Amino acid sequence: MLIRKATIHDVPAMQKMVNSFADKGELLPRSLNQLYEDLRDFLILDDDGQVLGTCALHVNWGDLAEVKALTVDESLQGQGYGRKLVEQCLDEARLLGITRVFALTYKPDFFARLQFRVIDKAELPQKVWNECIHCVKFPDCGEVAVIRELV
Ligand SMILES: CC(C)(COP(=O)(O)OP(=O)(O)OC[C@H]1O[C@@H](n2cnc3c(N)ncnc32)[C@H](O)[C@@H]1OP(=O)(O)O)[C@@H](O)C(=O)NCCC(=O)NCCS
């Protein structure tokens with residue numbers, strides 16, 4: 001099992017993975033257009049060429065980035081891969097000089113295990129909402145904002 005940067009060839013499988021969880025209401029769906037545009041944000045969990053997990057780090061502002069589209073195939077959940085994907089994104093954030101990483105999630109307890117804390121969504125910059133207002137679930141998505149400060 002390998003965690004690596006996504007390539008253009010992974011995109012259809014990434015969409016299948018992300019949208020299979022979106023269908024169950026666990027995260028937001030992604031169009032192919034969004035995935036191609038954000039390709040450089042993505043890490044994938046690769047098993048011999050098969051996409052079995054996804055995670056994106058998207059830079060929002062000078063000191064702020066977001067962890068997005070985190071998935072681990074159901075057959076592999078509970079084995080530490082979700083943690084590894086997020087930690088690799090945090091390492092990348094550190095390399096970029098980013099000091100705060102947030103997520104909007106239905107799984108705040110998972111992020112709490114990775115030293116994220118819950119914050120009021122209003123503490124996030126308005127720029128984040130510019131994306132949210134295009135979402136079909138806005139403003140009642142029920143996602144919780146969590147953040148981790150990096151040292
Ligand atoms: C959430 C998800 C990514 C977790 O991945 P995972 O590989 O199963 O998680 P890990 O095995 O790395 O777990 C890391 C820690 O979080 C805990 N954890 C995992 N899922 C959890 C959950 N749903 N609620 C609370 N804690 C959770 C684990 O017990 C573990 O704790 P520990 O290290 O202290 O023992 C995975 O369940 C998933 O893909 N879910 C569907 C999509 C989704 O909800 N994505 C998140 C949207 S932001």
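How far from an oxygen atom of the ligand does a backbone N or O atom of Gly 82 lie? The distance is 2.8 Å, and it counts as a polar contact, a pair of N or O atoms within 3.5 Å (within protein, one atom must be able to donate a hydrogen and the other to accept it, and residues adjacent in sequence count only if both atoms are side-chain atoms). The table sets this pair beside two others.

| Residue and atom | Distance to an oxygen atom of the ligand |
|---|---|
| Gln 79, backbone N or O | 3.3 Å |
| Gly 82, backbone N or O | 2.8 Å |
| Lys 107, polar side-chain atom | 2.7 Å |

The protein covers 75% of the 900 Å² of accessible area that the ligand has on its own, with areas taken from the Shrake-Rupley method and a 1.4 Å probe. The model is a predicted one, in which local features need pLDDT of at least 70 and side-chain atom pairs count only at pLDDT 80 or more, while totals for chains, interfaces and linings use all residues. Residues are numbered from 1 along each chain as its sequence is written, and side-chain values use heavy atoms, with hydrogens and water left out.

Around the ligand there are 19 residues, of which Gly 78, Gly 80, Arg 83, Lys 107 and Arg 113 come nearest; a residue belongs here if one of its heavy atoms lies within 4 Å of the ligand. This shell divides into seven nonpolar, seven polar and five charged residues, where Ala, Val, Leu, Ile, Met, Phe, Trp, Tyr, Cys and Pro count as nonpolar, Asp, Glu, Lys and Arg as charged, and the others, Gly among them, as polar.

Because Asp 46 lies in strand β2 (residues 42-47) and Arg 4 in strand β1 (residues 2-5), the pair ties together parts that are 42 residues apart in sequence. Strands (E, at least two residues) and helices (H or I, at least four) are DSSP runs, numbered from the N terminus.

Two backbone details remain. Most residues other than glycine have a negative phi, and most peptide bonds are trans. Asp 48, in the loop between β2 and β3, has a positive phi of about 55 degrees although it is not a glycine. The peptide bond from Phe 138 to Pro 139 is cis, with omega near 5 degrees, and Pro 139 has its place in the loop between α5 (126-132) and β7 (144-149).
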